[in-house]
Amino acid sequence: MSQSRVRHSDIEVGKALPWDVFDEKGTLLLSKGFIVASESQVDRLVAMGVYADSQALQSSRLLQLEAEEQDSPAGGAGNPVQDWNDLRKIMAQFYSQLELNIQSGIFISRIVEIAHEVDRLCSANPALAQAFITLRQDGAYSARHMLDSAVIVRLAARTLKMTKAKEHGLVCAALTMNLGSSEFQDEIKTQTEALSSEQLERLHRHPELATSKLKSIGVHDPIWLRAVLEHHEHFDGSGYPNRLSGNDLSKEGQLLRLADVYCARITFREYRAAVPLTVALRGILLERGKTIDQTLAAQFIHAVGVFPPGLKLSLANGEQGVVVRPGSSPNLPVVISLLSAAGTPLLPPVYRDTTQAEFAVKETINPATFNAYVDIESIWC
């Protein structure tokens, strides 16, 4: 009997197994019909490496795909990674033809469409949404950065149980926070020397300019407008453009600022490398009570995760891999190892149970020094 390794997506919590499950030596572990009761059980099975009859496994995967196609409003399951790639291209093209989109009167409707697509993709696979940001940093920076920030505020707003109206306004704000200055943002992103006084003045004025532009186009949503205006204000009053502080600031504006800062720090710049996700979060933690409201900083870190999906790290046994998604507790993520302790590729990659001392998280890895290709589709789809 030919056997294939069982993937995490093959097992549905609360539903009977459609095939027998064996260990790598062929010993029967679970019989067909057994019901896996929790995600943690699935994590343990996948981490240890379990197998099923190849033909039966393929049949169940085809049935699952057919069910997904029937549930899809577009009539097809699609490829979620390609969906994110396509959305980036749409966003970049939209801003490359900004004035035409404004003059033709379709600006608001197109932003709303993109916001709905962000919501759909984040709802379908939040772990993939986060991983894609850090693992695929190609395309025009300014448009990509706004889209990435929209993803983070959408995930954070949902975790914080904000109303749908506030969530939608926040996502639209992220998608337009640098309106009118996207080319300037691309320019300074590649600049290695200090900004000139003229550039600093332009930078400090861009929230007001974007807000004014949105109003002239016909945006009236107060959440949307205020978040754009305040996304560079600091809790201690040291921000811009109006040096607001404390209770004068909206929660939405501060949440957008956190997403903006986080996404900027984990992105490569000409004058510095991208920092690991945990380093970006640690910076936010250090600023709580100063430039960032203490409570909101903690809520944001909880929403993003102590070990966010896509984070590159090493384990106690020397293997290197990436975080797939949250585990049974914030400090125990689900990890897939891609490199052995000797630095050779693990083929296939192996899920590790970080609750075990041997596979405990040791430390994060600088993205620039990580030498394994991360196949997003095989891990998150």
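Reader: Which residues touch the most other members of the largest nonpolar core?

Author: The general idea comes first. In soluble globular proteins, nonpolar side chains tend to be buried together. In this predicted model, the largest nonpolar core holds 102 residues, and those touching the most other members are Trp84, Leu175, Tyr262, Phe300 and Trp380. Helix 7 (residues 141–159) gives the most to this core, namely 10 residues.

Reader: What is Trp380 in contact with, leaving aside its neighbours within four places in sequence?

Author: With those neighbours set aside, the list for Trp380 includes Asn125, Ala127, Leu128, Ala131 and Leu135. Pro309, Gly310 and Val374 are also among its contacts, as are Val322, Val323 and Val324.

Reader: Which residue in the hairpin of strand 5 and strand 6 takes a positive phi?

Author: Gly318 does, with phi near 95°. That hairpin has four residues between its strands.

Reader: Now a polar case. Where is Asp83, and with which side chain does the side chain of Asp83 make a polar contact?

Author: Asp83 lies in helix 3 (residues 80–96). Its side chain makes a polar contact with the side chain of Arg120, at 3.4 Å. Not counting residues up to four places away in sequence, Asp83 touches Arg120 and Leu121.

Reader: Last, a loop residue. Why is Arg288 called partly exposed?

Author: The label covers the range between under 20% (buried) and over 50% (exposed). Arg288 has a relative accessible area of 38%, so it counts as partly exposed. Arg288 sits in the loop between helix 13 (277–287) and helix 14 (294–304).

Reader: What does Arg288 contact, leaving aside neighbours within four places in sequence?

Author: Arg288 is in contact with Gln294 and Ala297 once those neighbours are left aside. As for Val361, 73 residues away along the chain, its C-alpha atom is separated from that of Arg288 by 26 Å.

Definitions and conventions
Residues numbered from 1 in each chain as written. Predicted model: local features only at pLDDT ≥ 70, side-chain atom pairs only at ≥ 80, totals over all residues. Heavy atoms only, no water. Helix = DSSP H or I, 4+ residues; strand = E, 2+ residues; numbered from the N terminus. Polar contact = N/O pair within 3.5 Å; in protein donor to acceptor, adjacent residues only side chain to side chain. Contact = heavy atoms within 4.5 Å. Core = buried A, V, L, I, M, F, W, Y, C linked by side-chain atoms within 4.5 Å. Buried < 20%, exposed > 50% of the residue type's maximum accessible area, 1.4 Å probe, protein only. Pairing = 2+ DSSP bridges.
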